[in-house]
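Hi,

Here is the model I promised to pass on.

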Amino acid sequence: MRLLLIEDDAMIGEMVLQLLRDQHYAADWVRDGHMADEALRSEQYDLVLLDLGLPRRDGLEVLRALRARRNTVPVLVATARDAVGDRIAGLDAGADDYVVKPYDTDELLARIRALIRRSAGRGEPVFEHKGISLNPATREATVHGQAVSLSAREWAVLEPLLARPGVVLSRSQLEEKLFSWKDDISSNAVEVYIHGVRKKLGADLIQTVRGLGYLISKQ
Ligand code: CA
């Protein structure tokens, strides 16, 4: 899963970025409204964490412009504890949820998981398909009830495929889930991690669709 953090405060930004990366999200961080616009126009994210008070372009404007482009990425707005007006304005401008600062990190992560889940059209908190179960909250994976240890990047390629059985994801779409700007992308990285998943979970779980990408079938 790839997240965009929009935050101008250096200390908060560094703290949240580390928190997200510790949870194995690929996360990019921008510090003003213009950079946020550019990132949102050029990259595809699974979730955006948006601070409203930003230099160069206000967070609400960034959000309104995003929705005006019919971009439906889930947006979690960050506001001060007493700023009820900001929360209302954020939700009315197209945010999906809000979280108050200073962050309770457990609550922040739970809200992120909930939004990602809902945007994938799922109500249940655990991915279950074909005997495989992934729990994003606990990072536990099982095959037919047996615990399996997946690396962060194996998890990152498996989760989006398991979240949408029957949907083909291209190599570059999976690369976006794996890497943030700071990481080097080796050209065969996706293949390497797919190979790792197949070794642990079974060779026929993830199918290669020649010329298109990868999928996990519906049945
Ligand atoms: Ca701010």
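Which residue lies over the face of Y98? R111 does, at 6.0 Å from the ring centre. For a charge over a ring I ask that NZ of Lys or CZ of Arg be within 6 Å of the ring centre and within 35 degrees of the ring normal. R139 is another case: its charged end sits over the ring of W155, 4.4 Å from the centre.

Before you go further, some ground rules. This is a predicted model, where local features need pLDDT of at least 70 and side-chain atom pairs count only at pLDDT 80 or more, while totals for chains, interfaces and linings use all residues. Residues are numbered from 1 along each chain as its sequence is written, and side-chain values use heavy atoms, with hydrogens and water left out.

Salt bridges

I call it a salt bridge when a side-chain nitrogen of Lys or Arg is within 4 Å of a carboxyl oxygen of Asp or Glu. That rule gives 14 salt bridges.

R111 turns up again here. It forms a salt bridge with D97, with the closest N and O atoms 2.9 Å apart. This pair links distant parts of the chain, since D97 is in strand β5 (residues 97-101) and R111 is in helix α5 (residues 105-119), 14 residues apart. Helices and strands are DSSP runs numbered from the N terminus (H or I and at least four residues for helices, E and at least two for strands). D97 counts as buried at 13% relative accessibility, whereas R111 is partly exposed with a relative accessible area of 25%. On that scale buried is under 20% relative accessible area, exposed is over 50% and partly exposed is in between (1.4 Å probe, protein chains only).

R111 also forms a salt bridge with E107, again with the closest N and O atoms 2.9 Å apart. Because R111 and E107 are four residues apart in helix α5, about one helical turn separates them. E107 is partly exposed, at 29% relative accessible area.

E61 and R57 make another salt bridge, and their closest N and O atoms are 3.3 Å apart.

Aromatic pairs

How many aromatic pairs does a search of the whole structure find? It finds zero. The test was for rings of Phe, Tyr and Trp (its six-membered ring) with centres within 6.5 Å, where planes under 30 degrees apart would be stacked, over 60 edge-to-face and the rest tilted.

Calcium site

The calcium ion is coordinated by D8 (OD), D51 (OD) and G53 (O), at 2.1 to 2.4 Å. Donors are N, O and S atoms within 2.8 Å of the metal (3.2 Å for Na, K and Ca), and water is not among the atoms, so sites may look incomplete. Along the sequence the donor residues are spaced D-x42-D-x1-G. D51 counts as buried at 8% relative accessibility, but G53 is partly exposed at 46%.

Strands and sheets

Strand β1 (residues 2-6) is mostly covered, with five of its five residues buried. Both of its faces are covered: R2, L4 and I6 are buried on one side, and L3 and L5 on the other. β1 pairs with strand β2 (residues 26-30) in the parallel sense over five bridges, and L4 stands opposite D28 in β2. Two strands count as paired if DSSP finds at least two bridges between them.

There is also an open sheet of four strands in the order β6-β7-β8-β9, with antiparallel pairing. Its edge strands are β6 (127-129) and β9 (146-148), each of which pairs on one side only. Neighbouring strands in this sheet are turned by 20° against each other on average, direction ignored. The axes behind that angle are lines fitted to C-alpha atoms (for helices, over the stretch in contact), and angles run from 0 to 180 degrees between N-to-C directions. Three bridges join β6 to the antiparallel strand β7 (residues 132-135), and the bridge partner of E128 in β7 is S133.

One last distance

L91 lies in helix α4 (residues 84-92) and is partly exposed, at 36% relative accessible area.

Cheers
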